[in-house]
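Work through the exercises below with the sequence and the model open. Each task is followed by a solution in steps.

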Amino acid sequence: MYDIRELLDKAISITEKKIVLYEKLLNGHTDEQLKALIRVMIHIAQRDKHYYLGLGANINDENAQEIDFATYDMIASLINQFVRTFNPPEVESRLEIVEFALNFEKSLYALMVDIQGRLVQSEGLSESITYKTLGKMVNQKLKVISSLEFFAKQ
């Protein structure tokens with residue numbers, strides 16, 4: 001049975017990869033201001049991960065609606081394609097790291113909205129816990145984008 005928990009697991013996996021990427025960037029630089037900004041990016045990603053874990057903790061076998069295999073397979077394919085295009089940047093400035101993070105988060109937001117739309121279209125789950133959980137994930141992503149846009153203006 002496939003349900004929203006598998007999608008949350010994939011979101012957590014993407015976030016963990018993002019944290020590893022930021023940690024590599026952190027270790028590769030000596031500029032203390034850039035390192036401080038990268039630490040903020042790590043903190044934001046960790047906050048996302050904990051948010052997703054919290055969402056998953058509220059879902060059990062009784063309240064999770066099944067996603068049919070064809071729909072799940074299509075969504076998993078979109079997610080895997082997204083992960084394959086995730087290329088770590090060569091950053092030398094604070095602006096470059098913020099722009100990378102902002103573009104990444106906007107792409108992830110678009111992916112989440114796409115998934116949400118496909119679930120409604122193919123499953124008719126607009127009132128389900130799956131749709132509502134994805135909605136919460138989308139709203140969380142908008143908060144992250146807003147924070148990064150603030151950093152970009154600095």
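The model used here is predicted.

**Exercise 1. Find the contacts of R47 outside its sequence neighbourhood, then decide whether R47 is buried, partly exposed or exposed.**

Step 1. Set aside the neighbours within four places in sequence; R47 is then in contact with Q140 and V144.

Step 2. The relative accessibility of R47 is 38%.

Step 3. For a distance across the model, take L119, 72 residues from R47 along the chain; the two C-alpha atoms are 26 Å apart.

**Exercise 2. Determine how helix α1 is oriented relative to helix α3, and which residues make the contact.**

Step 1. Helix α1 spans residues 4-27 and helix α3 spans residues 69-84. Their axes come within 11 Å and cross at roughly 5°.

Step 2. Angles under 35 degrees count as roughly parallel, so α1 is roughly parallel to α3.

Step 3. On the α1 side, the contact is made by E6, L7, K10, I14 and K17. On the α3 side, Y72, I75, A76, I79, N80, F82 and V83 take part.

Step 4. Sorted by type, the residues of this contact are eight nonpolar, one polar and three charged.

**Exercise 3. Classify the ring pair F82 and F104, and state which parts of the chain this pair ties together.**

Step 1. The structure has six aromatic pairs. In the pair of F82 and F104, the ring centres are 5.4 Å apart and the planes stand at 50°, so the pair is tilted.

Step 2. F82 sits in helix α3 and F104 in helix α4 (residues 94-123), so the pair links parts 22 residues apart in sequence.

Step 3. Buried means under 20% relative accessible area. F82, at 12% relative accessibility, therefore counts as buried; F104, at 6%, also counts as buried.

Step 4. F82 and F104 form one aromatic cluster with Y22 and F100.

**Exercise 4. Describe the largest nonpolar core and trace the contacts of I38.**

Step 1. The largest nonpolar core has 48 residues. Those with the most contacts inside this core are L7, Y22, I38, M41, I97, I115 and M137.

Step 2. Two or more residues of the core come from each of α1, α2, α3, α4 and α5 (129-153).

Step 3. Leaving out residues up to four places away in sequence, I38 touches Y22, L25, L26, H29 and I97.

Terms used. Residues are numbered from 1 along each chain as its sequence is written. This is a predicted model: local features need pLDDT of at least 70, side-chain atom pairs count only at pLDDT 80 or more; totals for chains, interfaces and linings use all residues. Side-chain values use heavy atoms; hydrogens and water are left out. Axes are lines fitted to C-alpha atoms, for helices over the stretch in contact, and angles run from 0 to 180 degrees between N-to-C directions. Helices (H or I, at least four residues) and strands (E, at least two) are DSSP runs, numbered from the N terminus. Angles under 35 degrees count as roughly parallel, over 145 as roughly antiparallel, 65 to 115 as roughly perpendicular and the rest as oblique. Contact means heavy atoms within 4.5 Å. Ala, Val, Leu, Ile, Met, Phe, Trp, Tyr, Cys and Pro count as nonpolar, Asp, Glu, Lys and Arg as charged, and the others, Gly among them, as polar. Buried means under 20% relative accessible area, exposed over 50%, partly exposed in between (1.4 Å probe, protein chains only). Rings of Phe, Tyr and Trp (its six-membered ring) pair if their centres lie within 6.5 Å; planes under 30 degrees apart count as stacked, over 60 as edge-to-face and the rest as tilted. A nonpolar core is a set of buried Ala, Val, Leu, Ile, Met, Phe, Trp, Tyr and Cys residues joined through side-chain atoms within 4.5 Å.
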